[in-house]
Amino acid sequence: TMDRLSELAKTKAAVIFAKSSCCMSHSIMTLFHELGANPAVYEIDRDPRGREMEGALQKLGCKPTVPAVFIGGKFVGSAKDVLAAHLKGSLKDMLIDAKAIWF
Amino acid sequence: MGSRKVKVGAENGASLISDMPSFVPAGPVSNPIGTEGNDANSSRISDYGAYDHSLGFRIEDAVDLSRNPIFSSLKSPGLNIVPDLQFGSFSKTLASEKESQLNLPSSSGVARENWGESNMADASPRADTSTDDTEDRNPQFEAGQSNTKAASDSSDRSKEKNLDQKTLRRLAQNREAARKSRLRKKAYVQQLENSRLKLTQLEQELQRARQQGIFISSASDQSHAIGGNGALAFDAEYARWLEEHNRKANELRAAVNSHAGDTELRTIVDSVTSHFDEIFRLKGVAAKADVFHILSGMWKTPAERCFMWIGGFRSSELLKLLVNQLEPWTEQQLVGIYNLQQSSQQAEEALSQGMEALQQSLAETLASGTPGPSSSTGNVANYMGQMAMAMGKLGTL
């Protein structure tokens, strides 16, 4: 399942694993949209193998497991991490590097 | 005769003790009585003293003598072989009745119960043998006496009685004293235990306080080293303040309910307001140590934080305020601040959107009347989570 996870994470420059019920996932998605990125969103609670994926995310150290953000195939972190990066300014740079946005 | 038997029986208990090798002998023959430790027995012991006078037997003599009368007295009910049982029943009746005559045998019986089986084992053979010795009672008794002749004339007997009285009284007093000292020791030990518990509690508190830095002990010593600890210290202080506050609120409520006088109400209200002054002072001190902690409201409950957000508290607004306050700014600083403002605004937007989504889902679940409790608590937890996130953001600034 880790493989599936990384596979999915590579499908697009910005990938978000979320749950339809999670409001924080929604917040992060909104943030990305604001920045102009177009992340691929996978709702793991609608995926038949969602449980396993959640376990894999947990192993990565993502707490809470959703939302989990991958930029350029690399694991960035949970909502906390993403927001912190954004405030520092590094999120935008990461997105630009991964070609998720251009300015 | 009957009474005499009974009284001798009272000594039986004591004498049996003195005979028991396992027991601390000599003075504190009140051992068995003492370990019972209830008031009824103590009164019985004092009764002992009274009876001692009338008895006039010496303890050693009582040893041989007492068994017989007791057991012969028990013989009549037909239970001489098993004296302890009889004693047991006696002690029960004793609890309710104050008949002095019954007191003594029962207390000695209770004493024997306390000693346990071995004692009984020791006692019974003697009892058995003594029952055979009813004929020898008088000679034994007389042999035992050193003071008086073994005569059955009353004058001699009364002399013996007097002498034995003194001994018996002394012994009884010893018993009494020993019992009292045992009780005192017990009380002392209990007190020690309590103090030990209190000590461990204090130690724990102290450790906690130490972790939170010297903040509490020396509020004046606001070195930056305490910075990290200031947050914890404030949290603890706040908790304590909250407790105190609730207590005062209850006090006020009670006073109002009991229609207390105006002056009393005034004093309570004044104490409450001064208590509020205290929290403001605390906040001020804590803000100097760790401003972000105070601002972000991480010391509040999640629900409170949630309302802060709904109320429109935004860190970007704070930044706007600060920019004007903290002149002059270098170019670099200005740019930095501006960027920070921007990004926080964006983040805040996103979070607010999330909040909205949450509220919507909450409304939906409530409206659809699904098993509300589980999902609503889940949503509420989400609220909290989001709020914690939003507030935590401030920490990362």
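A residue is called buried here when its relative accessible area is under 20%, exposed when it is over 50%, and partly exposed in between (1.4 Å probe, protein chains only).

Before going on, a word about what you are looking at. This is a predicted model, in which local features need pLDDT of at least 70 and side-chain atom pairs count only at pLDDT 80 or more, while totals for chains, interfaces and linings use all residues. Residues are numbered from 1 along each chain as its sequence is written, chains are lettered from A and ligands numbered from 1 in the order in which they are written, and side-chain values use heavy atoms, with hydrogens and water left out.

**The two chains**

Helices (H or I, at least four residues) and strands (E, at least two) are DSSP runs, numbered from the N terminus. Contact means heavy atoms within 4.5 Å, and accessible areas come from the Shrake-Rupley method with a 1.4 Å probe, where for residues only the protein chains shown count as cover. With those terms in hand, here are the accessible surfaces of the chains.

| Chain | Accessible surface | Share from carbon and sulfur atoms |
|---|---|---|
| Chain A | about 5200 Å² | 51% |
| Chain B | about 21800 Å² | 56% |

Chain B has 16 helices and zero strands, whereas chain A has five helices and four strands. Among contacts with a separation of 6 or more, residues 24 or more positions apart account for 62% in chain A and for 71% in chain B.

**The sheet of chain A**

The four strands of chain A form an open sheet in the order β2-β1-β3-β4, with mixed pairing. Strands β2 (40-43) and β4 (74-77) of chain A are at the edges with a single partner strand each, so one side of each has no neighbour in the sheet. On average, neighbouring strands of this sheet are turned by 25 degrees against each other, direction ignored. Two strands are said to pair if DSSP finds at least two bridges between them.

Strand β1(A) and β2(A) pair in the parallel sense over four bridges; F17(A) has Y42(A) as its bridge partner in β2(A), and A18(A) has E43(A). Towards β3(A), β1(A) runs antiparallel and is joined by four bridges, with I16(A) opposite V69(A).

How many residues of β1(A) are buried? Five of its five are, and the strand is mostly covered. In a regular strand the side chains alternate between the two faces of the sheet. In β1(A), both faces are covered, with A14(A), I16(A) and A18(A) buried on one side and V15(A) and F17(A) buried on the other.

Helices lie across this sheet too. Axes are lines fitted to C-alpha atoms, for helices over the stretch in contact, and angles run from 0 to 180 degrees between N-to-C directions. Helix α1 (residues 2-10) of chain A lies across β1, β2 and β3 (68-71) of chain A, at about 130 degrees to β1(A). Helix α3 (residues 50-60) of chain A lies across β1, β3 and β4 of chain A, at about 75 degrees to β3(A).

**Backbone details in chain A**

In the loop between α3 and β3 of chain A you will find P67(A). A cis peptide bond joins V66(A) to P67(A), with omega about 5 degrees. Further along, K99(A) lies in the segment after α5 (90-97) of chain A. The phi of K99(A) is near 65 degrees, a positive value in a residue other than glycine. With a relative accessible area of 55%, K99(A) is exposed.

Is S27(A) buried or exposed? S27(A), in helix α2 (residues 23-35) of chain A, counts as buried because its relative accessibility is 1%. Leaving aside residues up to four places away in sequence, S27(A) touches A350(B), L351(B), G354(B) and Q386(B).
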